[in-house]
Structure formats: C-alpha cells, structure tokens
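Biologist: I have a model open and would like to learn how to read it. Could we go through a few features together?

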Amino acid sequence: SFYGRNHPDVAKMLNNIGAVLSSKGDFVAALVRYQEALAISQSYFGWNHPNVAIALSNIGVVLRSQGDYFEALEKFNAALEILESHFGRNHPDVAVLLDNVGEVFALKGNFAGALARHQEALKINESHFGRNHLDVARELNNIAFVLEQQGHFEQAVIQYDSSLAICELLLGHDHPKTQNVRENR
C-alpha cells in the first residue's frame, strides 16, 4: 500500500475483503481480515472511534454466523457504546447495531430483549428515513419474526404485511428481498 500496512485505508480494504469472504461463507478468513482491520483502526485512532466500531461490528456478524452468540454480543455492545458516544442513541448506525443485538437475542431465545432492540431500531430508522425505507422494512420483518416466535401470530402478520408493502413499493414484486418477506409471512 502507498500509505503502509497500518493506515486506515488498509483497514477499509481489509473490511471490504472480509465482507466478500463472509458473503462467500468463508467466515474463518473473514474473521482474520476483520481482526486485522480492528488492530489497524485501534492503533491509528485509539479505542473510541467509529472505524473501530465498524470492525467490531463486522467481527460480531461473523461470530454470530458461527454461533458464538456470547462473543458476538460483546463485540456488538462494544461497537454500540463507541457509536453512541460519537453520534448519540438516535443515529442510523446505532440502529444497525441494535438490529444486530436483537438478532443475537432472538437466536438465544431472548425474544423480549430482541423485540425491544428491533423496536428501538425501527423508531430510529423511521425518524431518519420515514416510513418507506428498506431499513424500516427490515426492522418490521425482524419484529414480525420475534412476534411469531412469541406466538403473537396476528400481530406478526400485520408487521410482515407492512414490511412487504414497503419492499413491493421500493423494489417491486419480483425482487428477491420482496420474495423473502413474502415467504416469511
């Protein structure tokens, strides 16, 4: 690299490589790249920086995919603390982390905790993006899933329908995300 191995641009590239590896299902290699990005970001910016939070969140996503929910939750919560200190609680990046925490809670069977995190993320996303946004649709879908797991089927269908309406409006009837929400219902 032009800047040397320990430059933030290298960390960004490592995060991008990690994302590609993760999307291919190569979680071990992705985790290595994300950990390298974290080390660079920490050494360059210190612990309390949004770039550190990004790397922590990416590591958390991989750990969640590997079933290591305890460690994933630790990474997500650390990233959440950093972002809240920079942006406050009502920021779209905070909503992403709340969504990630909610997903881990759901996977662990803590549906009340999951629902609270997804509802908070929904409120943040609606306040920033309005009702017709894909991040809002994602949260509605996640809320519906949790409600369904809790046995609140009528409420779940309402949330699924709301998510589906947004996806159809923004993506069309045949888009894979729209189809996914339709299948969830």
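Biologist: How are α6 and α7 oriented to each other, parallel or antiparallel?

Modeller: Angles run from 0 to 180 degrees between N-to-C directions, with axes fitted to C-alpha atoms, for helices over the stretch in contact. Under 35 degrees counts as roughly parallel, over 145 as roughly antiparallel, 65 to 115 as roughly perpendicular and the rest as oblique. In this predicted model, local features need pLDDT of at least 70 and side-chain atom pairs pLDDT 80 or more, while totals for chains, interfaces and linings use all residues. Residues are numbered from 1 along each chain as its sequence is written, and side-chain values use heavy atoms, without hydrogens and water. Helix α7 covers residues 134-149, and α6 packs on α7 at about 160 degrees with axes 9 Å apart; the two are therefore roughly antiparallel. Helices here are DSSP runs (H or I, at least four residues), numbered from the N terminus.

Biologist: Which residues of α6 and α7 meet?

Modeller: Contact means heavy atoms within 4.5 Å. Among those of α6 are F111, L115, L122 and F129, and α7 brings residues including V136, L140, I143 and L147. By class, this contact has 11 nonpolar, five polar and four charged residues. Ala, Val, Leu, Ile, Met, Phe, Trp, Tyr, Cys and Pro count as nonpolar, Asp, Glu, Lys and Arg as charged, and the others, Gly among them, as polar.

Biologist: And at what angle do α5 and α6 pack?

Modeller: Helix α5 (residues 92-107) and helix α6 (residues 111-129) pack at about 160 degrees, with their axes 8 Å apart. These two are therefore roughly antiparallel as well.

Biologist: Let's look at single residues. Is R64 buried or exposed?

Modeller: Buried means under 20% relative accessible area, exposed over 50%, and partly exposed in between (1.4 Å probe, protein chains only). R64, in helix α3 (residues 50-65), is buried at 13%.

Biologist: Which side chain lies 3.1 Å from that of R64 in a polar contact?

Modeller: A polar contact is a pair of N or O atoms within 3.5 Å; within protein, one must be able to donate a hydrogen and the other to accept it, and residues adjacent in sequence count only if both atoms are side-chain atoms. The partner at 3.1 Å is the side chain of N100, and R64 also makes a side-chain polar contact of 3.3 Å with E103.

Biologist: What about F87: which residues does F87 touch beyond four places in sequence?

Modeller: F87 sits in helix α4 (residues 69-87) and is partly exposed at 37%. F87 touches P50 and D93.
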